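Here is a short report on a two-chain model. Please look over the sequence and the structure before reading on.

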Amino acid sequence: MIFAAMDWHAFFFWMFALLTCGFALAVLFSNNVVHMAFYLILSLGASAGLFFLAGAEFVGAMQLMIYVGGTLVLVIFGVMLTAQSRFVSMETRSGEWVVALGVGGSLLFMLMITAFNVEDWRSPNPRQGEVTVAETQVVSQIGLGFAGVRVDKLDQPDGQLRGGMSGYLLPFVIVSIHLLVVLIGAAYMARTKRRKDVSGGRS
Amino acid sequence: MADFFEHTLHFPVWLAYLVAALIHCVLIIHVVAVGALIFIWMERKISGRIQDRLGPTRVGGAFGWLQTLADGIKLIAKEDITPGDADVMLFKIAPYVSFAASFCAYIALPFSDGWVAQHLNSAVFFVLAVLGLEVFGVILAGYASGSKWSLFGAMREAAQVVSYEVPLGMCVVVPVFVCGTMNLVTIGNMQSGLFTNWLIFNDPFTFAIFWVYFTCAVASVNRAPFDLAEAESELVAGFHTEYSGLRWSFFFMAEYGSMFLVSGLAAILFFGGWNGPFPIAEPLATTLVNVVTLGNAESWGGLSTYLANLMGCVNFLLKGFVGVTVMMWIRWTLPRLRIDQVMTTCLKYCVPLAAVCFLGAMFWQLNGMPTGNDLMGFQRGLQTEGWVETADREATAVTPAGSADLSADGESLVPVAADRSDGDHLSGLAENGGAG
């Protein structure tokens with residue numbers, strides 16, 4: 001049977017990869033803002049599928065929560081602010097295409113070079129298909145890493161590395177405070193502005 | 001399950017995984033679709049009784065229990081209308097997006113000990129992430145309909161869901177840190193035993209936060225009194241004004257699916273999941289098998305476990321049904337809020353309440369204050385994830401005082417959930433789905 005001969009992992013990988021790339025191209029070639037955002041969400045969702053396929057379920061759920069959910073908010077604002085017909089359609093001029101191709105192409109080139117330089121990724125992984133369930137349960141390790149304990153570094157001979165110097169507590173706290181500042185700023189910007197010069201009227 | 005087909009029935013690998021996946025899919029679709037049938041009938045009867053009416057009485061006998069089916073046939077027979085101003089592609093695809101998101105979250109929802117389509121280690125997070133995507137279909141529907149009523153409804157829904165996700169997330173985090181895991185199967189198993197072991201009775205703060213969770217859950221699945229997106233009195237029918245026939249009914253299947261989903265999540269996170277109020281399922285099943293097989297239960301292997309799981313599943317479904325019934329009761333009792341009142345409820349009441357309960361539950365855990373189970377003199381079932389103990393040991397090891405004798409190796413830190421799941425349900429994703 002042809003089914004028995006197929007490598008299903010590879011099949012699903014190609015399916016999700018093609019979906020991701022196809023919808024990414026659809027974002028490029030669509031003119032309608034809302035259609036673009038819709039394709040973007042599908043593309044990001046398909047890349048979440050890639051994470052799930054690799055057994056990185058936490059990262060996959062994170063992709064759904066942050067990127068797909070975040071793009072959702074983008075759609076909301078896109079619809080809210082541009083629902084008038086003259087803003088919905090976006091025509092791209094040829095000059096913009098050139099700039100975008102230059103920037104995007106050079107970024108892609110750099111990423112490709114970096115990716116192909118990783119020795120481990122050149123040949124197929126001999127342990128493919130042997131990934132056990134326990135190895136996918138890394139959520140606690142990620143959490144401990146954010147709290148400052150890198151459980152994968154605990155056998156390090158260097159005491160400082162072992163004792164939390166290699167953890168991610170500081171970046172984590174910096175990011176949290178940064179997000180808090182952004183939230184407060186957003187609330188400040190979005191608050192109801194009361195005009196003082198209106199006397200007796202409702203604000 | 002795939003292993004069962006592969007090793008016991010000697011299916012080829014691809015067929016084994018295919019059949020296992022199909023069985024999971026069909027079962028979950030039935031929960032959503034048949035659930036919607038029953039819930040719509042229940043909604044009619046309950047609203048009838050609350051308003052001192054009888055509800056449907058004729059179709060299919062005394063209780064009108066075939067009414068939904070008759071409606072379903074009517075909906076299928078209806079014309080599928082697309083408005084002239086509509087964005088045709090998005091208009092057509094929106095109901096499926098909504099339904100798929102609601103359906104997809106069921107993948108990670110366990111119905112009994114280990115009875116879950118995909119045993120995810122971060123299931124709570126996954127369910128929340130996917131549940132938040134359901135609003136996407138509503139927004140697409142509202143935008144693509146090309147009608148101002150639809151757009152207003154969708155905008156309201158978007159604002160409402162995005163704001164209610166904040167307190168909802170905070171409420172869900174509390175059971176997660178009490179249990180120390182995001183694995184729904186483990187969370188359910190940790191609450192086995194007497195009902196005092198349920199997390200809602202863990203401490204006063206978890207008791208309080210359940211009600212905040214329930215309020216936010218009702219709001220996030222867009223049910224009355226928070227159904228501003230489809231407020232008939234102002235917006236005709238809100239986001240689904242322009243929909244007809246089967247597409248319209250997809251939105252409702254999604255809504256009833258999410259209602260059961262958040263109720264089931266509440267049952268697992270706060271009400272012991274598939275564990276009944278008294279731990280009788282396992283002994284009962286063993287006794288039953290013993291009686292039926294004339295005493296040689298051991299030779300029947302996992303039958304008693306299976307029966308106990310089946311009882312657990314019934315237990316879980318019952319709890320979910322109670323949650324859905326309470327939502328209906330609320331819907332037909334309370335009047336609809338205004339949009340500003342909805343926002344006030346979220347930002348000025350739910351978020352602070354959730355934050356206070358979060359801090360309170362944290363201090364309760366931190367100081368080892370007595371839980372409901374301690375007061376009754378029972379022990380909580382020791383169902384912690386493996387990493388909790390190892391991490392404690394490692395944490396003492398990495399402090400400067402104890403850093404001299406670091407004996408544990410990194411391998412032991414791979415968290416091994418100490419629950420009774422057998423890995424059957426981890427078929428597709430983590431492992432190679434095929435011949436390899």
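Which residue just after H6(B) takes a positive phi? In this predicted model, Gly146(B) does, with a phi of about 65°.

## Two chains

Chain A has 10 helices and 0 strands. Read from the N terminus, its elements run α-α-α-α-α-α-α-α-α-α. Chain B has 16 helices and, again, 0 strands.

In chain A, 23% of the 203 residues are buried. In chain B, 48% of the 436 residues count as buried.

Take the contacts in chain A with a separation of 6 or more: 46% of them involve residues 24 or more positions apart. For chain B, contacts between residues at least 6 apart in sequence join residues at least 24 apart in 78% of cases.

## Helix H6 of chain B

H6(B) spans residues 134-144. The helix is mostly covered, with 11 of its 11 residues buried.

## H6 against H7

H6(B) packs on H7(B), residues 148-179, at an angle of about 155°. Their axes lie 7 Å apart. An angle over 145° counts as roughly antiparallel, so H6(B) and H7(B) are roughly antiparallel to each other. Their crossing is left-handed.

Which residues of H6(B) meet H7(B)? They are Val135(B), Val138(B), Ile139(B), Ala141(B), Gly142(B) and Tyr143(B). On the H7(B) side, the partners are Ser150(B), Leu151(B), Gly153(B), Ala154(B), Glu157(B), Ala158(B) and Val161(B). By class, this contact has 9 nonpolar, 3 polar and 1 charged residues.

## H7 against H14

H7(B) also packs on H14(B), residues 339-366. The two axes come within 9 Å and cross at roughly 10°. H7(B) and H14(B) are therefore roughly parallel to each other. H7(B) passes H14(B) in a left-handed crossing. The contact residues divide into 21 nonpolar, 3 polar and 1 charged.

## H11 against H13

H11(B) covers residues 245-270, and H13(B) covers residues 303-331. They pack at an angle of about 120°, with axes 8 Å apart. That angle makes H11(B) oblique to H13(B). The crossing is right-handed.

H11(B) contributes Met259(B), Phe260(B), Ser263(B), Gly264(B), Ala266(B) and Ala267(B) to the contact. H13(B) contributes Phe316(B), Lys319(B), Gly320(B), Gly323(B), Val324(B) and Met327(B). These residues divide into 7 nonpolar, 4 polar and 1 charged.

## Domains of chain B

The domain assignment gives domain 1 of chain B as 1-77 and domain 2 as 84-384. How many residues does each domain bring to the contact? Domain 1 of chain B gives 17 residues, and domain 2 of chain B gives 18 residues.

Two helices, H2(B) (13-50) and H3(B) (67-77), each supply at least two residues of the domain 1 side. The largest share of that side, 14 residues, comes from H2(B). By class, the side of domain 1 that touches domain 2 has 12 nonpolar, 4 polar and 1 charged residues.

## Two exposed residues

Is Ile73(B) buried or exposed? This residue lies in helix H3 of chain B. Ile73(B) counts as exposed because it has 10 C-beta neighbours inside 10 Å, and the cut-off for exposed is 12 or fewer. Ala217(B) is 144 residues away along the chain, and the C-alpha atoms of Ile73(B) and Ala217(B) are separated by 31 Å.

Asp52(B) sits in the loop between H2 and H3 of chain B. With 6 C-beta neighbours inside 10 Å, Asp52(B) counts as exposed. Its phi is near 60°, a positive value in a residue other than glycine. Most residues other than glycine have a negative phi.

Technical notes. Residues numbered from 1 in each chain as written. Chains lettered and ligands numbered in written order. Predicted model: local features only at pLDDT ≥ 70, side-chain atom pairs only at ≥ 80, totals over all residues. Axes fitted to C-alpha atoms, helices over the stretch in contact; angles between N-to-C directions. Helix = DSSP H or I, 4+ residues; strand = E, 2+ residues; numbered from the N terminus. Parallel < 35°, antiparallel > 145°, perpendicular 65-115°, else oblique. Left-handed = near helix turned anticlockwise from the far one by under 90°. Contact = placed C-beta atoms within 7 Å. Nonpolar A, V, L, I, M, F, W, Y, C, P; charged D, E, K, R; others polar. Buried ≥ 20, exposed ≤ 12 C-beta atoms within 10 Å, placed from the backbone. Domains from an automatic or database assignment.
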